[in-house]
Amino acid sequence: SSGINAEYGGGGGGGTGELSPWPSYIQDRLTMFDKLYLEYEEFLSTREKKQIKITLPDGTVKEGESWSTTPYAIANEISSGLANNSVISKVDGVLWDLDRPLETDCSLELLNFESKEGKEVFWHSTAHILGEAMERRYGGCLCYGPPIEGGFYYDMHMEEQSVCEADYAGLETIMKSIVKEKQDFQRLEMTKEDLLEMFKYNEYKVRIINNKIHTPTTTVYRCGPLIDLCRGPH
């Protein structure tokens, strides 16, 4: 969309070694995501809003509104420091995005980087930032980008190019610029049919969708111009 083009420019610059223009599949994904995310926001607006009770680990009960109040909002209500230090939440024992609306009465736990799960989510989100940098610098087709013990990786297929240690500084420069942008992670549930259309340029993602997804829908996450097949959370 024109708004995305204005926001991200569609190509690199400033000596970062980014492709200019970026690969066409980036804009194709964004256009499809914007359309489907608008439909999701319209769906949220039709949900009946009810008062809900959110129980914290110490037994404190906070009031909230279903399909509106988020874990981050509860954290910020307690203190800005808690909100800023929280990496992820747990809702009824299940990891949950900080910005994902709560749906019903629940228990809520807020996790920071010092927790095992907090580290894993932090590294996983950083893998997505690496993936974004790789697409912007090399094009190519991303495959897997998981957290691992003490860090993360992302693999990518490129027809006629390889990456060596000398390339790391350029990738790190792009990653630092991404972090400065404070890009939100946006979660979107998509049908298998839409996923196959969105990732048709990437044979590896198509293989994952066809072989690993056995439900009618699954999720993608967007950060900046990157949209990736992912269960999350972030």
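Let's start with the open sheet, where three antiparallel strands lie in the order β10-β11-β12. Strands here are DSSP runs of E with at least two residues, helices are runs of H or I with at least four residues, and both are numbered from the N terminus. Two strands pair if DSSP finds at least two bridges between them. β10 (185-191) and β12 (226-229) stand at the edges with a single partner strand each, so one side of each has no neighbour in the sheet. On average, neighbouring strands of this sheet are turned by 30 degrees against each other, direction ignored. Such angles are taken between N-to-C directions and run from 0 to 180 degrees, with axes fitted to C-alpha atoms (for helices, over the stretch in contact).

Keep in mind that this is a predicted model: local features need pLDDT of at least 70 and side-chain atom pairs count only at pLDDT 80 or more, while totals for chains, interfaces and linings use all residues. Residues are numbered from 1 along each chain as its sequence is written, and side-chain values use heavy atoms, leaving out hydrogens and water.

Helix α2 (residues 24-46) packs on this sheet and touches β10, β11 and β12, where contact means heavy atoms within 4.5 Å. The direction of α2 makes about 85 degrees with that of β10. Helix α5 (residues 116-138) also lies across β10, β11 and β12, running at about 120 degrees to β12.

Now for some strand pairs. In general, strands of a sheet pair through backbone hydrogen bonds, either parallel or antiparallel. The pairs below are antiparallel.

| Strand pair | Bridges | Residues standing opposite |
|---|---|---|
| β3 and β5 (residues 106-112) | five bridges | serine 89 and leucine 110 |
| β11 (residues 217-223) and β12 | four bridges | cysteine 223 and leucine 226 |

Why is strand β3 (residues 86-91) described as largely enclosed by the rest of the structure? Six of its six residues are buried, meaning under 20% relative accessible area, with exposed being over 50% and partly exposed in between (1.4 Å probe, protein chains only). β3 and β4 form a hairpin with two residues between them, and aspartate 92 in the turn has a positive phi of about 50 degrees.

Tyrosine 144, in the loop between β6 (141-142) and β7 (147-148), is partly exposed, with a relative accessible area of 41%.
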